[in-house]
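I opened this model to look up a few local features. My notes follow, entry by entry.

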Amino acid sequence: MKDFLRKLEVPAFIKDSRLTASVIIILVLSLIGSIIGMIINPIFGLALILIFILTVAFAIYGTYILANNANSFAVNLSYRIKRSEQEAMIKMPLGILLYDSDHQIQWVNPYLQLYLKNDDLIGHTIESVDPNLNKLLNEAIKAKTSENQTVRWDGHDFEMVVQDNLGVIYLLDITRYAQIERKYKAERLAIGQVFIDNYDELSETMHDQELTSMSSYVQNTLSDYAKKFNAYLKRIDEDHFLLLAHMQDLDKMEEDKFSVLDKVRQETSRNNTPLTLSIGIAFGSDSLTEIANQAQSNLDLALGRGGDQVVLRQPGKDAHFYGGKSNPMEKRTRVRARMVSQAISELFKDADRVFVVGHQRPDMDSVGSGIGVVKIARLHGVKANFVLDTNKTNYDVGRLVTRMQHAKEDNDIFIDPNEALEEATDKSLLVMVDHSKYSITYSQDLYDRLKNRIIVIDHHRRGEEFPENPMLTYVEPYASSACELVTEMIEYQQPANGKRVLTDLEATAMLAGIVVDSKEFSLRTGTRTFDAASYLRSIGASSAVVSELLKEDIDSFLEKTHLIATLKMVRPGMAVLVGPNDKIIDPIVTAQAADTALDLKNVEASFAITRRSQDTIGISARSMGKINVQIIMEKLGGGGHLSNAATQIKNVTVEEAENRLLKAIDEYEKENE
């Protein structure tokens, strides 16, 4: 009996307490019924007892049979599962490789054997069998992850999982799906906007036949270029084209670096009808409307940066720039200057207050142009001030502030940033001069307060960091300085009763701004620069006072001299000046040192690297025009002009900043080979 009970292995589902309780209750009720039956009628009671005994016997026997069947089913199922696992490891399309601590192969399933194409694998190292597979293994181990990685091996795409603690590699061939994904990405649509930068200016001076010839040349050149890369080109206006291309063809255009820019510029220049193109291209969204809007935004960015370039960007991502490497021609017209002057006057009339702000550590160009804008606003009866903490200025600006505070007419131009923030209202205007970046604006709090009521007046190329919805934008990269732009605007103002717009000192401040940014009329200087300077001289600007304002103090001169003494030629025509890592040097001194280095023989471009604060390294870059320092600085997060640019790098040493600069220079040279 004990052996029988020992053999009776009850399945787990029968051991359930609720089922056991139910069985016990039924048996107890049956027993009670039998006892009651004996009391009523002995024969009837014996029959019930017999039935009870038979019921118990059949229950035990049934349980035994059920237990055997359940155990047999479980054993059979377990066997089938294990057999399936073994069959899967051997036959399913999943490569499995076992290796030891020395990366010697211990076992390979037949599926992976087909890829390795070698019968004798066991005991050999993975590297000796397939170096590429060993490289993928080492990279996966180095990544310290057991998650799926998509890799390319032996001409196939695989999802690869490495469990180094177990010594196992799993490889799932996903080539077919990867091809579908690549085809999908390659055939996604990119939309481009192509614009002829100076078509209007040239068309005004050309005969109809010449204009037709030039227009046909541009049309044919762009059509040939589009045909070369299987793109669709449609002329939608005299100076505007629509471009449609697949991503695979756009990638080829990138590799070609959009050579059509150089071709159009060079060919038209030979014919004395210099044309340049601006192109904005967008991609990467499921919404064609979003791509089209982004393409227009990219075109605006290309135009704002001076034209003659391509801006390539997908929504929400960083932009890539191509072209823009030539010294830009002076394209702006006095018509535009007059229109902007009138437009800004109308905006001022509707404002209750105008605040003008320059960039951080404002120089003479920033302050001079800001003063000019303040006087335009006051000319229309609007209260206006230039935002500046007069206790924290550079030596040249400090001298100007002192002179203006002693002058009766100029002692109320400036306002402290905190005071400006308190007085700003929803009807106030903020005018950004000599910059367009939030990160370098003089008062970010004031910007945040008036971010929906902003005007931008700048002569630097427009970057990605730009006010979202400015009320008016006047960005002219061809101007020598912001003071030049504001001077032209002042010329179109009509003061009542012969009243002067600028005092002699204010005109002198603006002339000083032009002198500083044009390096005494030697860089970025066009005919309009001399026109603006001539106008300022005619209304009272003093060149003698300009010289007095811009005189260096002895300490700054010595600091600049020490910085120049560190000069070293790092590439042909390129010089680098490096300041000490433990000393903070004024950015103005840094910029002056870079300017001075250009006066040396065989120096085409100079880069001055100094510490500006405890966590910031600044680089000032200058060029004679042959080398585009703007592109080099953009690679480091900065920007500026072809011949005048800068950047700031956080949390690095001077030496690390120099290494990054040299890497950026190498990239620039490779792009221009």
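**Entry 1**

I started with tyrosine 115, which is buried at 13% relative accessibility. Buried means under 20% relative accessible area, exposed means over 50%, and partly exposed lies in between (1.4 Å probe, protein chains only). I then checked tyrosine 111, which is also buried, at 16%. Both tyrosines sit in helix α4 (residues 110-116), four residues apart, about one turn of the helix. Helices here are DSSP runs of H or I with at least four residues, strands are runs of E with at least two, and both are numbered from the N terminus.

Before going on, I noted where the values come from. This is a predicted model, with residues numbered from 1 along each chain as its sequence is written, and side-chain values use heavy atoms, without hydrogens and water. Local features need pLDDT of at least 70, side-chain atom pairs count only at pLDDT 80 or more, and totals for chains, interfaces and linings use all residues.

Next I counted aromatic pairs, and the structure holds nine. In the pair of tyrosine 111 and tyrosine 115, the ring centres are 5.5 Å apart and the planes meet at 65°, so the pair is edge-to-face. Rings of Phe, Tyr and Trp (its six-membered ring) pair if their centres lie within 6.5 Å; planes under 30 degrees apart are stacked, over 60 edge-to-face, and the rest tilted.

Tryptophan 153 and phenylalanine 158 are both buried.

**Entry 2: helix α9**

I listed the buried residues of α9, including Leu211, Met214, Val218 and Leu222. Seen down the axis, the buried residues fall within an arc of 135°, so they line one face of α9. The arc is that of the directions from the helix axis to the C-beta atoms. On the other side of α9, the exposed residues include Asp208, Gln209 and Lys228.

Most residues other than glycine have a negative phi. Asparagine 230, which follows α9, has a positive phi near 55°. Asparagine 230 is exposed, at 57%. Histidine 103 also has a positive phi, near 60°. Histidine 103 lies in the loop between β1 (94-99) and β2 (105-108). Is histidine 103 buried or exposed? I found histidine 103 buried, at 17%.
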